[in-house]
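This report sets out the geometry of one protein chain.

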Amino acid sequence: MAEILYGLAAEILKNLGSLAVQEVGSIWGQSDELSKLSGTVSSIQAVLIDAEEQQQSSHEVRDWIRKLKRVFFEADDLLDDFATEVTHRKLVSNVSIFFSKSNPVLYNLKISKRLKAIRENLDVIAKNKAYLNLVERRQPLLLESNLDRETYSFVPDGEVIGRNDDRTKILDFLMDSEVNENVAVISIVGLGGLGKTTLAQLVYNSEMVQVKFEKRLWVCVSDVFEVKVIAEKIIESAGGGKANCLQLDAVQKQLREMLDGKKYLLVLDDVWNEDALKWSTLKNMLIGGAKGSKILVTTRSDVVAEVSGSIHQHKLGDLSEEEAWALFEKMAFECNKESENSSLVEIGKKIVKRCGGVPLVIRSVGSLLRLKRTEDEWIYFMNQDLSSITRGGDSVMAILRLSYNHLPHHLKICFAYCSLFPKDSLIDRVDLIDMWIAQGFIQSTTSNRDNVEDIANSYFIDLLRRSFFQETEEDKSFPQFYEMHDLIHDLAKEVADGEVFSITETEDAEIVLPEQTLYASCLFQINGSMAFPKPSYAKHMKLRTFIYLNGSEYVFISNSTLERMLASFECLRVLDLRHVQIKFLLQSLGGLKHLRYLAISCISIVTLPNSITKLHNLQVLKLVNCINLKKLPRDIWRLVSLRRLVCTQCYALTHIPPGLWQLSSVTHLDFDDCYSLEDMPPGIGQLTSLRTLTSFVVGKESCISGLASDKLNELKGLADLRNRLHIKFMGRASVIGERIPTDVVKRMKHLQELSVEFEYGNQEDDTGADLIMLEALQPHQNIESLKIQYYSGSRFPSWLMVDNLGFLLPKLVYLNITSCCKCQKLPPLWRLPSLENLVLWNLEGDDKFMLPSNSPTYECYFPSLKYLYLGEISEKILNQILCPPPDSIEGLETMPEDSFKSLTSLQSLSITHCRNLVSLSTCLTHLTSLEFLYIACCPLLYLSNEEAMQLEVPGNLSTFNVSNLDKLMSLPVWLQHFSGTLKSIQIQGCHNFTTIPEWIGDLIALNQLEIYGSPMLTSFPEGMRSLTALQMLIVHGSSSSLKQRCDKEVGEDWPKIAHIPRVDIL
């Protein structure tokens, strides 16, 4: 893997030019050696791109690269030693003594020998490049077009399995006549082998397209995006013959004449071009067609789709299990009788699961198995041959390798590094880019203003947009976890070529670490009985990454094993031991002088050894689940390179060393779940480069002494904070004189989440101090999430009470107001245009609680609300939220009919602890988008009597959960309206629930029925037999009568429920 060498050469050249190295060279008399080394490295760097391409076909070049890599890493380590020693001496001793020529501490003889040996070895390597005919090349040559990938427009009917939904969506966009552009571009984006071309063929040949478009044109673009060539192919596709001898101007004239006034569909298949200028030139040639003309692009890259100006990007995913099986069945069985063999079908379904839903893989596997007829052949294929198809098969891996070959060289090593993580694992984006930075993979830009994390993040985004990563299914403001498709992971392992290696162990084989390995992850259990590292690992002293990924937090590593590891791998840049428990940290940890990234988890340690502060190169320190850790090293200020300090789930941590403010390089401080943290150290406001500060604690002493204002004002200098900030007051705040905080977070335009927590249980009279604090915490307009907790003021701050609240907080999506019991007015929350999730909890209020004078209209009332949680609030407040004035009424007992009239976007509704609520009336009839309904602890609510609720429009309710409803005796009649959508019913703690109605059999979509703590339920109705979709029936805390009636095979009710896969009656 030569790709790392170009970046490593750049890093060596940068270090050779650093002030520290130049100064040391001058003092030691090594300036000439260092200058010669710089020239040699520069001359070698110039031919590395050529060497990277030739290594595939030349054993001599591969050997040259192997030798070069070894010496380059030695040079990198030596220069790192220089910089580390300089930093150490500046911190602990007199600088002038260190730089004295006569000082024997300089150990210059040893260093001089190392430097001379490295330069001489590189000189030999540099001379050999001439014998290998390596040429200087600063940019990769344009790849030649691959004729084997030429595609065509026709696909036979019946050849395509699945993709009906995708086909429909693409056709909808092609048929859309409301598009303003004269020629609109639509892109199909997805991984190689997913069937983008096939989908385009389906659309191209559909009858709707043939009728709508006067001309249909198909061009396979492939690697080379030459405007003239593509224009000639378009003309040829239209039947105009080849025009190879024409100049570009003549070609564009012919193309314009051909398209003039005609509505056309042009498919550009397999596009890789990311040059916006070339796209613009081509599109200018195509604008002569009639309005409604479309260009359909297939590509693997989001970047291509964006550069092309696509009005819609259609992301193509894997086939569903049903579609994958249908395709496999067609390819493997066709018309043969083997499809009637249940054993072959069972084996085949296991094989299909391992194909990852990729049509190309399924076709390849199915075609091979068509020639195999016996169960033994299929089993052997599944256990032995399948990996060679999914990983090494020419048609599959060759397609995926094209994506890799098109990567810029600086992204190739970053991609290969990802093979350290096992298949199906979630990859933490922040962790990964921190590791890339620690390894030196991130190339500096010409501008020093560019933050290295921003550059690294752009690398990740680039790989994501090229389909090397996939987003996970999660609902977060800022997604952090991603995954790799199995085939992409196989590709990463292949291109890593042993340099990036996952160490595994089987019962029959010893752990083998390839000689060339530089980056390793461990996927087996290390214990005290195992000699690890093995003596044979002595040749891996240069290992630069070690990540333990066993996955069990209960696995302990012995001190002797840890000691051997630290002694063996002294060149480590990354050490991640979060997935193994350490009994205590060793002082020898401070000897890993090259270490940049350290992550540990240890439930037993109380303090960290102060020797850890010798790690002057350490950029990232992560302490996870160190639940007994009470304090950090007193000399933490010596970690001069530290960028990120993470202490999560360190429950016993009480204080942060006061020297933290001296770490000017720190950009991230994460103290999530450090519940015992008593205060923040002084000087936090001086860390003006901070981007992350998850928690800011205002200590009890600061609150009592009136210094809370000063503490808050420290945050003013942290304008670059982003993501989330939780401000917690440990005591009752007080204000002294005119020391009032102002505009503390208003300048934090990147901040997305703000949470303010006052002292819990504060029931004293309102002094106005909490209001002063909250007034100063008005967020920027970009804030997306806001939480206020335990606020004791009698009114909310002025910035929340304004009529133009929607203008001040236009992007607010989530709002949580909890235990603010003394407030007498709610803010005009309905004015928030983007609010989707509203949580109101423990707002008891009093008789004075009222709405502001200006009342909303139904049209502007919570226009975007999707999730509403109302818990333990007074009926007056409930009435204000659900019933806009002037319809509000006193003493709410029944939900008025118009309660939810305007909440047509609401998807989730939770109502708990509303003690006087008797009836929902017909208010649910307006909630046409409601999918989740949860009602709990409303002792007077009588749901079963809502027969008057007539739902005239289709509903989407899929989950119905109730808990502790004393009046609930049977399922509400109106649930029948959701027979086609209701999938889950859960009833908990409803002691008077006695009957499941006969009409339950109408709930044809019901998949899950759970009943807990309903001892009066004694039998099941006949309608249970009709619940063919029901997969799980759980009844806990049931009567003895019901248990007896449901005895397997013999109980009276058993035939009614025998068809359900999981039945649990206790």
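## Basis and overall composition

The model is predicted: local features require pLDDT of at least 70 and side-chain atom pairs count only at pLDDT 80 or more, while totals for chains, interfaces and linings use all residues. Residues are numbered from 1 along each chain as its sequence is written, and side-chain values use heavy atoms, with hydrogens and water left out.

The chain contains 32 helices and 32 strands; helices (H or I, at least four residues) and strands (E, at least two) are DSSP runs, numbered from the N terminus. Of its 1066 residues, 53% are buried, where buried means under 20% relative accessible area, exposed over 50%, and partly exposed in between (1.4 Å probe, protein chains only). Contact denotes heavy atoms within 4.5 Å. Among the contacts with a separation of 6 or more, 70% are between residues 24 or more positions apart.

## Helix 20 against helix 22

Helix 20 (residues 409-417) and helix 22 (residues 452-465) have axes that come within 10 Å and cross at roughly 80 degrees. Axes are lines fitted to C-alpha atoms, for helices over the stretch in contact, and angles run from 0 to 180 degrees between N-to-C directions. Angles under 35 degrees count as roughly parallel, over 145 as roughly antiparallel, 65 to 115 as roughly perpendicular and the rest as oblique. Helix 20 and helix 22 are therefore roughly perpendicular to each other.

On the side of helix 20, H410, L411, C414 and F415 take part, and they meet Y459, D462 and L463 of helix 22. The residues of this contact comprise five nonpolar, one polar and one charged; Ala, Val, Leu, Ile, Met, Phe, Trp, Tyr, Cys and Pro count as nonpolar, Asp, Glu, Lys and Arg as charged, and the others, Gly among them, as polar.

## Strand pairing

Strands of a sheet pair through backbone hydrogen bonds, either parallel or antiparallel. Two strands are taken to pair if DSSP finds at least two bridges between them.

Strand 20 (residues 723-729) pairs in the parallel sense with strand 19 (residues 695-698) over four bridges, and F696 stands opposite I727 of strand 20. Strand 20 is also joined by six bridges to strand 21 (residues 751-757), again in a parallel arrangement. There, L725 has L754 in strand 21 as its bridge partner.

An open sheet of three strands, in the order 6-8-7, shows antiparallel pairing. Its edge strands are strand 6 (427-428) and strand 7 (470-471), each of which pairs on one side only. Strand 7 is joined to strand 8 (residues 481-483) by two bridges, and the two run antiparallel; E471 has Y482 in strand 8 as its bridge partner.

## The surroundings of M435

M435 belongs to helix 21 (residues 429-439) and is buried, with a relative accessible area of 1%. Which residues is M435 in contact with, leaving aside its neighbours within four places in sequence? They are Y417, F421, I547, V574, D576 and Y597.

## Salt bridges

The whole structure holds 40 salt bridges, each being a side-chain nitrogen of Lys or Arg within 4 Å of a carboxyl oxygen of Asp or Glu.

| Pair | N to O distance |
|---|---|
| D81 and K593 | 3.2 Å |
| R465 and E306 | 2.3 Å |
| D720 and R691 | 3.6 Å |

D81 and K593 form a salt bridge that links distant parts of the chain, with D81 in helix 5 (residues 59-92) and K593 in the loop between strand 13 (574-582) and strand 14 (597-601), 512 residues apart. D81 is buried at 7% relative accessibility, whereas K593 is partly exposed, at 37%.

R465 and E306 meet in a salt bridge; R465 lies in helix 22 and E306 in helix 14 (residues 302-307), so the pair ties together parts that are 159 residues apart in sequence. R465 is partly exposed, with a relative accessible area of 24%, and E306 is partly exposed, with 45%.

Finally, a network of salt bridges links D76, D77, D80, K542, R544, R573 and R596.
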